[in-house]
Amino acid sequence: MIPLLLILIPLLSGLAIFLLKDSPASKALALVSSLATLVLSLMAVFTKGALTYDAAWLPGLGSRFSLLQDGMSKMLSLLTAISFPVVFAATYKNVYQRSSAFYGLMLLTQAGLLGVFLASDALLFYFFWELALIPVYFLCSIWGGEKRIAVTFKFFVYTFIGSLLMLVGLLYVYSQTADHSFAMQSFYHANLSAHAQNAVFALFFIAFAIKMPIFPFHTWQPDAYEQSPTAVTMILSGVMVKMGIFAVIRWLLPMVPQGFHAHSMLVVLLSVTGMIYASLIAIRQDDIKRLIAYSSIAHIGLMCAAIFVQNQIGLEGVMIQMFNHGINVIGLWIVADVIEQQLGTRKFSDLGGLAQKAPVLAILFVIMALANVALPLTNAFVGEFLMFNGLFQFNGWIAAVAGISIILAAVYTLNMIQKIFYGNTVEKTLQAVEVSGNVQWVLSILVLIVLVMGVYPQPMIELTKDTVSAIFANR
Amino acid sequence: MNAIIVSALLGVVMMFSGILLKNKSSLKYIAIGGLLLLLIANLFQTYGVYTVVVNSHELLRFQKFGLFFNSIAISATLIYVILSGRDIEHAGNYPAEYFALIFFVLCGVSILCGFNSLLMLFLGIEILSIPLYILTGSDKRNLKSNEASLKYFLMGAFTAGIMLMGIALIYGATGSFGIVSPSIITTPTGGTAVPKASYLEIAGVLLLFVAMCFKVSAAPFHFWTPDVYDGAPSVFTSFMATIVKAAGFFAFIRLLEGQSAILGPTWKILLSFVIIATLLIGNITAVFQQSVKRMLAYSSIAQAGFMLFALYSANDISKEGILLYAAAYSLATIGIFAVLIKMKDYTLDGFNGLAKTEPVLALTTTICLLSLSGIPLTAGFFAKYYMLASVVKTGTGLWLVIVAVLFAAVSVYYYFRVIQAMYFREGVAETTEITAGFKAGMVFVAGLIILIGVLPSLLLNYFYF
């Protein structure tokens, strides 16, 4: 029952908020609804074993409304459930025109995301995959920046092409299943020749690679992150990119193991290229949002590479890092939003010396930023360590090249800290004041998660162990 | 049979009610009542209740598939009249006649749903087309409407000639007007073989194919479509682009099912050429349109490309699929046209800011557009899904499916431009007066689209009853 409620609560409250005209009430209701989802997902995390829900949906097509919440789904639904209240609370003071529509669409996005992470029926998965995209399209196009319409449309068309190719792949695998069913197990055991596996791999992987995004499918991403309203950017980069990684692990890897193996070297090389490339570009950025966007490409590239090395340790690293990257990047976006809301600029060249005016913000931000560099004792360290370990077992040379990105990450992150918070105050930062209580609270909670997960990551490894071992048990 | 008789009678009733009634505004309600009657008559026949038993000597044969399609066509017309009835009355000086012509078109549709002979096919197509020539030119003082009507008539008459030529050749070769060619025999293994198709017959089938391509505006026989759809009064464009076109497809499928084997393996190559050309021309040209009406004309060509997949695969899934496609496409297009008629400016800029002035219309139009682009949760998704699934099931033509989805991605571009205009661009969209009843009708259409999009089995289970 919990998996169903996890989807229904945001879906129904999202639709209800649309009907509200009053803006404060819609804000509050969105926050309450997202907190309810958080409680439910925590309940799921503390329940032993996988949770399922199953109901008839389209008997003629062999598709059922079936949900499965195993370790990986629990972890990602927890991430989704944490993100939304955090985003709502941190941007509580932001004023949106037509706010009921804004919060309604946000909750619909959450329903779509949770559906993607929970679906264990391929057609249902596809439905939610699209359902998560449509509200985001409207969110970015209505409340985004100056170039929002063109940029969001590029984002939409990119992902939509991917989705359609995935649909063709789905239909093909479906036609090869023994019992003509969209059920996950039927898909895993579909009778696919080596040739067909390669084709299916390509059809699915393009969809997932666009979503992640992996070099060279990443060109929509920096623009979209920059132009979206920051609350949406947090969801995009914190949670939505995990859809691609999740889908590779949940669907692609068990479904076409041979096709997966045949392409692993290619994808690892693309991912590592993307890491280095994005890191180098990040160094040259003068805009906080664009810097975080490129840094995000680099981190996602590492996760993707670690899946394709196909060893257990790499995959464990990915599991932890999916959660931790979400937490860290949302923390960074919150600070970016605070600075933009308060000072009206995101350019490093206009900022400086903010630490003198807002010391608490500076401390919290530095911790988040160091977690982004994966410093030991922060949460990202464990995940990156495991992933690099997996990559090293796959190929030492590639691991060495990928390792350069750690250094580059330190370069751009420390550079950002230095330019924004230290040095002399400039004209703009003179009037800066300390951030409000709600942001301090939210960031403190995130910092707490960063430190706890950095020191004691074992529960997260335990939580997702069943998914990881199930994947390697089959081969 | 019920539907043919009742629709013809209702056409006459509508004509006389135009003479007898002083109050023109009650015509809409008479038409709605008539359509309900027609729907009930057709449903009765579906379940084996006949009003009149006519022995047609196997010229007509009604099967569940055809009757079910007819019900969809009548229901779509009903929704169309409910939404746009007021605008039909204002399209010209003779509203009663327009309603009468619509009923005559439905009579043609009913014949096409049950024809079992090439002669009945011809009669059906002509009964369907001639009222349309008149409706296209109903805006008598408008030069564009006149031009469209004349163009449509000349091209249509020419095609009728081609079709008759084809029928004559087939008759000459086989001595039969049957829709299943006697040259095709069933092999013991269940497949079909064509031991002795003459060149005459092959030429005849090709000519029929060309004529039908013209009727459903498949490339390269689509040239009349944009001009006619653009020139005709918008309310009638809506009717032509949906119900009439779907009926054309139905006849196309029914006809070629029994004839395509004559062409041998060439058939699929020929058809894939037509499909790709249709998708290409429809989608790419639609991208460049500034007028929403003209864009919808090209989009109807593009959608025809998708419907042609039913012909390509010709299996169980494609039969369900074409029903679903006809319903989904008609609903969405009728909805968009109903809104378009209310707009003062048909260009994209005319839609700017509609979400602010008329939020309900903007939302329902958006749902219609999402359905046309095939986004999940709308009926259009399952329509496309069935079409693609039917081709994948044949085991060949996966490349065709990939080409098709790429064009579907292109179609998103022009459909979403309307959404962008309504929601994201500043402006004051000017509309004629919007009544609460019209809004309710649009909400009903949008609700139906989403209902079919979530539970298509509601529609299709009924098909298997």
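User: Which residues touch the most other members of the largest nonpolar core?

Analyst: This is a predicted model, where local features need pLDDT of at least 70, side-chain atom pairs count only at pLDDT 80 or more, and totals for chains, interfaces and linings use all residues. A nonpolar core here is a set of buried Ala, Val, Leu, Ile, Met, Phe, Trp, Tyr and Cys residues joined through C-beta atoms within 7 Å; buried means 20 or more other C-beta atoms within 10 Å, with C-beta atoms placed from the backbone. The core holds 371 residues, and the two that touch the most other members are Leu252(A) and Met368(A).

User: And which domains of chain A give this core at least three residues each?

Analyst: Domain bounds come from an automatic or database domain assignment. At least three residues come from each of domain 1 (1–255) and domain 2 (284–475) of chain A.

User: What does Leu252(A) contact once its neighbours within four places in sequence are left aside?

Analyst: Contact means C-beta atoms, placed from the backbone, within 7 Å. Numbering runs from 1 along each chain as its sequence is written, with chains lettered from A and ligands numbered from 1 in the order in which they are written. On that basis Leu252(A) is in contact with Phe201(A), Phe204(A), Phe205(A), Phe208(A), Ala247(A) and Phe260(A).

User: How do H15(A) and H18(A) cross, left-handed or right-handed?

Analyst: Helices are DSSP runs of H or I with at least four residues, strands are E runs of at least two, and both are numbered from the N terminus. The axes of H15 (residues 359–373) and H18 (residues 437–455) of chain A come within 10 Å and cross at roughly 35°; axes are lines fitted to C-alpha atoms over the stretch in contact, with angles from 0 to 180 degrees between N-to-C directions. Left-handed means the near helix is turned anticlockwise from the far one by less than a right angle, and right-handed means clockwise. For H15(A) passing H18(A), the crossing is left-handed.

User: Which residues of H15(A) make that contact?

Analyst: On the H18(A) side, the residues are Gln440(A), Leu443(A), Ser444(A), Leu446(A), Val447(A) and Val450(A). Facing them from H15(A) are Val360(A), Leu364(A), Ile367(A), Met368(A) and Ala371(A).

User: Why does Leu386(A) count as buried?

Analyst: Leu386(A) is found in helix H16 (residues 379–394) of chain A, and it touches Ile313(A), Gly314(A), Glu316(A), Gly317(A) and Ile320(A), not counting residues up to four places away in sequence. It counts as buried because the number of other C-beta atoms within 10 Å is 23.

User: Which helix gives the most to the side of domain 1 of chain A that touches domain 2 of chain A?

Analyst: The domain centres, taken over C-alpha atoms, are 22 Å apart, and the contact takes 39 residues from domain 1 and 38 residues from domain 2 of chain A. On the domain 1 side, helices H3 (71–90), H9 (220–227) and H10 (230–255) each give two or more residues. With 13 residues, the one giving the most is H10(A).

User: Which helix supplies the largest share of the side of chain A that touches chain B?

Analyst: The chains meet through 22 residues of chain A and 22 residues of chain B. On chain A, the elements giving two or more residues are H5 (122–143) and H6 (148–176). The largest share, twelve residues, comes from H6(A).

User: What percentage of chain A is buried?

Analyst: Chain A has 19 helices and two strands, and its C-alpha trace spans about 70 × 55 × 45 Å along its principal axes. Of its 475 residues, the buried share is 60%.

Notes
A residue is buried if 20 or more other C-beta atoms lie within 10 Å of its own, exposed if 12 or fewer, and partly exposed in between; C-beta atoms are placed from the backbone. Two residues are in contact if their C-beta atoms, placed from the backbone, lie within 7 Å.
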